[in-house]
Amino acid sequence: MSEIKNYTMNFGPQHPAAHGVLRLILELDGEVVEHADPHVGLLHRGTEKLAESKPFNQSIGYMDRLDYVSMMCNEHAYVRAIEQLLGIEAPIRAQYIRTMFDEITRVRNHLMWIGTHGLDLGAMALFLYAFREREHCMDMYEAVSGARMHATYYRPGGVYRDLPDHMPQYAESKWTKGKNLAYANEWRNGSLLDFIDAFADDFPNKIGEYRTLLQDNRIWKQRTVGIGVVSPEEAKAWGFTGPMLRGSGIAWDLRKKQTYAAYDKVDFDVPVGVNGDCYDRYLVRMEEMTQSTRIIKQCVQWLKNNPGPVMVDEYKIAPPDREMMKEDMESMIHHFKLFTEGYTVPAGEVYAAVEAPKGEFGVFMVSDDSNKPFRMKIRAPGFAHLSAMNDMVKGHMLADVVAVIGTMDIVFGEIDR
């Protein structure tokens, strides 16, 4: 009788649960995983090198395309690095706007995660529920930047513009009319802040719906409890951050430990897991959405009561007013020079990190007193998480590989860069 051998198979990059372009080479003994080797680089676009060939203010849009599910958080780390090198600080209103949109981004990211993670493990309905709310978050992005995903809203020294005073409304069509039209425009009668406030009031009920579908669902628990267990020591050794670290019981959150923007002025809790398995990481992210809603509510209240500038009063960095640019020749030249040549950033090096939805997203930047970064290195949370793939899936079944990829909340834009 011939000897029974392990066989090797490719999981991805075409597999729908590979979340993009992950190629996993799995060594299987029957249906049990003996070894998992992640192959990355299939989405490598040379973002860091591209940023080194462009003026500082022209690479903000590249940041959106790294973790393309949590765009504004990527921008935040990049503009913070530039601000630290320039020695400037955004006005307090801009800091609150950034804090609010970081949390809207966190909600967006976690809705995408819970929808796709559920879909991977067989919970079909949840995907439709989550995307219903995600649509509102996209409308918020669109209201401030004109884009539903790649916003380029944060700028060194503040944000692109103040929050709009009115929300666009749906027009009557053969699909949206009568009661449906009134329902679609229900939150859109006031300003963007009113819209966000109405969303934040309603969203906890929606989180309750997701919990009803999953929390005590016997199939969901069978697929996640005890799967991909990571001890606190292992989590630290692997360089885990964000929900992956907190799910293992370590209360590390940059918003509290190395605070930035207006996080020191808002009240929120940091959810922490106990067992370090997929189910605990699910619970952590669900509670994070609740805490994000709390932060959003506080920011909305502050922003309603405190008008003010949203950009530094420093003309080397801030562009002229659009109205001025179209009337005044000097302003036109100023605008042109600023967006083509940019500005010189003093020599030095800096590391700026934010608590992105997936973990610590950081930008290390070296300036050589020119208008372009001399060197830029991005610290993507997903890269460290993916490196633990083999240890997390070893001894589990092939079906559990999907659960582990889902719990890591992998997006390849930031991993491959």
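**Around a helix and its strands**

Biologist: What's the phi like at aspartate 409, the residue that follows α17?

Modeller: Aspartate 409 comes after α17 and has a positive phi, near 55 degrees. Helices (H or I, at least four residues) and strands (E, at least two) are DSSP runs, numbered from the N terminus.

Biologist: Before we go on, what should I know about the model itself?

Modeller: It's a predicted model, where local features need pLDDT of at least 70 and side-chain atom pairs count only at pLDDT 80 or more, while totals for chains, interfaces and linings use all residues. Residues are numbered from 1 along each chain as its sequence is written, and side-chain values use heavy atoms, with hydrogens and water left out.

Biologist: OK, back to α17. Is that helix largely enclosed or left open?

Modeller: Largely enclosed by the rest of the structure, because nine of its 11 residues are buried. Buried is under 20% relative accessible area, exposed is over 50%, and partly exposed is in between (1.4 Å probe, protein chains only).

Biologist: Which residues of α17 are the buried ones?

Modeller: Asp400, Val401, Val402, Ala403, Val404, Ile405, Gly406, Thr407 and Met408.

Biologist: And which strands does α17 lie across?

Modeller: The helix, residues 398–408, lies across β1, β2 and β3, where contact means heavy atoms within 4.5 Å. α17 runs at about 145 degrees to β2. Axes are lines fitted to C-alpha atoms, for helices over the stretch in contact, and angles run from 0 to 180 degrees between N-to-C directions.

Biologist: Now the strands under discussion. What's the order in that three-strand sheet?

Modeller: The sheet is open, ordered β1-β2-β3, and the pairing is antiparallel. β1 (7–11) and β3 (32–39) are at the edges with a single partner strand each, so one side of each has no neighbour in the sheet. From one strand to the next, the twist averages 25 degrees.

Biologist: How many bridges between β2 and β3?

Modeller: Seven, with β2 (residues 23–29) pairing with β3 in the antiparallel sense. Two strands pair if DSSP finds at least two bridges between them.

Biologist: Give me one pair I can click on. What's the partner of leucine 28 in β3?

Modeller: Valine 33 is the bridge partner of leucine 28 there.

Biologist: Switching topic: β7. How many of its residues are buried?

Modeller: Eight of the nine residues of β7 (residues 359–367) are buried, so the strand is largely enclosed by the rest of the structure.

Biologist: How does β7 pair with β6?

Modeller: β6 (residues 348–356) and β7 are antiparallel, with nine bridges. Together β6 and β7 make a hairpin, and two residues lie between them. For a pair to look at, glycine 348 has serine 367 in β7 as its bridge partner.

Biologist: And between β7 and β8, how many bridges?

Modeller: Six, and β7 and β8 (residues 373–379) run antiparallel too. Methionine 365 is opposite methionine 376 in β8.

Biologist: What's in the β7 and β8 hairpin, between the strands?

Modeller: That hairpin has five residues between its strands, and aspartate 369 in the hairpin takes a positive phi near 65 degrees.
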